[in-house]
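User: Hi! Could you walk me through this model, starting with the salt bridges?
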Amino acid sequence: MPQPTVSIYNAMLNGYTQNDMYNDLLLLFKRMRRNDVMPNWFTLPVVLKACVMVKELRQGEELQCFSIKTGFRSNPYVGTKLIEMYSCAGVLASANKVFCEMAERNVVTWTSMINGYILNKDLVSARRFFDLSPERDTVLWNTMVAGYIQTGNMMEEARSLFDLMPCKDIMSWNTVLEGYANSGDVEACERVFEEMPERNVFSWNGLIKGYTQSGRLDKVLGCFKRMVDEDKVVPNDATLTSVLSACAKLGAYEFGKRVHKHGEGLGYDKVNVNFMNALVDMYAKCGAIEMAMEVFNTIKRRDLISWNTVVNGLASHGHGTEALVLFREMRTCGVRPDKITFVGVLCACRHMGLVEDGLAYYNSMFTDYSITPQIEHCGCMVDLLSRAGLLTQAVEFINKMPVEADAVIWATLLGASKVYKKVEVGELALGELVKLEPRNPANFVMLSNIYGDLGRFDDAARLKVAMRDTGYKKEAGVSWIETDDGLVKFYSSGEKHRRTEELQRILRELRNFSILLDDEEEELQEHLI
């Protein structure tokens, strides 16, 4: 266009904003000024927003000067954007000056100034401005309540203010609900959820988040069933991803398949990479590695999480060769690995016993990718060396690690010392474990068994006495059984389930039926003979 007007420029600026192309927007604004096209009321707020997004404080200050010269400062919208810009930059004095100099302030202006104080964690000033505000709409109330929640450890103040709200909308309820979820108070989260006059998908997501963060993963599955079957609420990708994560941790394969079908029905398998990544993770952790690979192969635009999930999934199930092949393919595709990738790579080397390769990959983390090894990487290497019987080398590796060895690493070394009958290494490992876990009797049992295998029964008896003196017993094992009604927990300690008698009756019937079938089969064999 030979001579674009201000309206044309505004249309282009808005187009850049809608596509998050803020640097291009600022370049176009400079071109607009060079061509002597005068901005109007609609131009400056858009440009100021771009300055906020790319943290261009200097250009924002120039725009403020320009607004003063041209008379745009009287526009409340321009003033509001200036307050946002200075608040995001942490220059609250300038934001407050703009606010005080504004001739006309509306509720949006007050909300912007209060939000600026909240962003900079000055809740006292934010509350003072809130109390002084001549007009308060629902957005302003929600902003202040959310400010208390975001700051942390202020749920009591948030709830008190929420109770004073004259008109609560669904967003207000969801804000408090998520606040309790983030704080780990799942009982309060449940109470708020039940009190809500109406709920949307974000309400259900807040409750699911509360259950997830409190570790009550079986409740997550029940919540999803209630959401979909009873309330007929359509889940979004965040819902499905959270539920799939719970299925992965619980090993709830059948329930995960149901969520998969639900996501397919909503079309998330075509466009949503987060949903697909969660599916790969769920299938891999449930042991269905073929299904995990099938889903992975259908992902058109794989991100780093996609590669990490499948590499770690393959490695953890003993498919080390395939994991390393995919790792090489990942690098060929130009995807830069991170620390999570290398956990899978080192895990693959551990399963395959590739000591030299494992050491090479471990060293390349820092030399090639500037990644400092974490405790997970070091644990894989100690396990790799221990499985190979290189216990002396494993001890040397532990002494040179960039992080302190934890109980898992020393327990790994203790277990290997039993396999290879290395008493000295076992005693060293137990000494460290006693410092880290003085009340864990399992550590004493391991070394006691080593002494027993070597015929050192006096030493074995001494350790059993030490174990008894801790006063603690080894924790009972637990199993999850997936049923139509959800997940059921069983303990090896003999703790009774509420339907134990019914279960035992069914088991007796099955045993009797099995005996009857065996008798009939025996009679049939005799008849045939």
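Analyst: Happy to! A salt bridge here is a side-chain nitrogen of Lys or Arg within 4 Å of a carboxyl oxygen of Asp or Glu. E194 and R226 form one, with the closest N and O atoms 3.2 Å apart. One thing to keep in mind is that this is a predicted model, where local features need pLDDT of at least 70, side-chain atom pairs count only at pLDDT 80 or more, and totals for chains, interfaces and linings use all residues. Residues are numbered from 1 along each chain as its sequence is written, and side-chain values use heavy atoms, with hydrogens and water left out.

User: Which helices do E194 and R226 lie in?
Analyst: E194 is in helix α12 (residues 186-195) and R226 is in helix α14 (residues 217-230), so their bridge ties together parts that are 32 residues apart in sequence. Helices here are DSSP runs of H or I with at least four residues, strands are runs of E with at least two, and both are numbered from the N terminus.

User: Switching to rings. How many aromatic pairs does a search of the whole structure find?
Analyst: The search finds 15 aromatic pairs. Rings of Phe, Tyr and Trp (its six-membered ring) pair if their centres lie within 6.5 Å; planes under 30 degrees apart count as stacked, over 60 as edge-to-face and the rest as tilted. Y268 and F275 make a tilted pair, 6.2 Å centre to centre with 50° between the planes, and both residues are buried.

User: Why is the F327 and F342 pair edge-to-face?
Analyst: The planes of F327 and F342 are at 65°, with the ring centres 5.7 Å apart, so the pair counts as edge-to-face. It links distant parts of the chain, with F327 in helix α21 (residues 320-332) and F342 in helix α22 (residues 339-352), 15 residues apart. F327 is buried at 0% relative accessible area, and F342 is buried at 0% as well.

User: Which residues form a cluster through ring pairs?
Analyst: F99, W110, Y117 and F129 are linked that way.

User: What lies over the face of F162?
Analyst: K168 does, at 5.2 Å from the ring centre. The test is NZ of Lys or CZ of Arg within 6 Å of the ring centre and within 35 degrees of the ring normal.

User: Now D383. Is D383 buried or exposed?
Analyst: D383 is buried, with a relative accessible area of 13%. This residue lies in helix α24 (residues 375-387).

User: Which residues does D383 touch?
Analyst: Leaving out residues up to four places away in sequence, D383 touches R350 and T412, where contact means heavy atoms within 4.5 Å. The side chains of D383 and R350 are also joined by a polar contact of 3.4 Å. That term covers a pair of N or O atoms within 3.5 Å; within protein, one must be able to donate a hydrogen and the other to accept it, and residues adjacent in sequence count only if both atoms are side-chain atoms.

User: Last one: how many helices and strands are in the chain?
Analyst: The chain has 30 helices and two strands. Of its 529 residues, 42% are buried.

Conventions: Buried means under 20% relative accessible area, exposed over 50%, partly exposed in between (1.4 Å probe, protein chains only).
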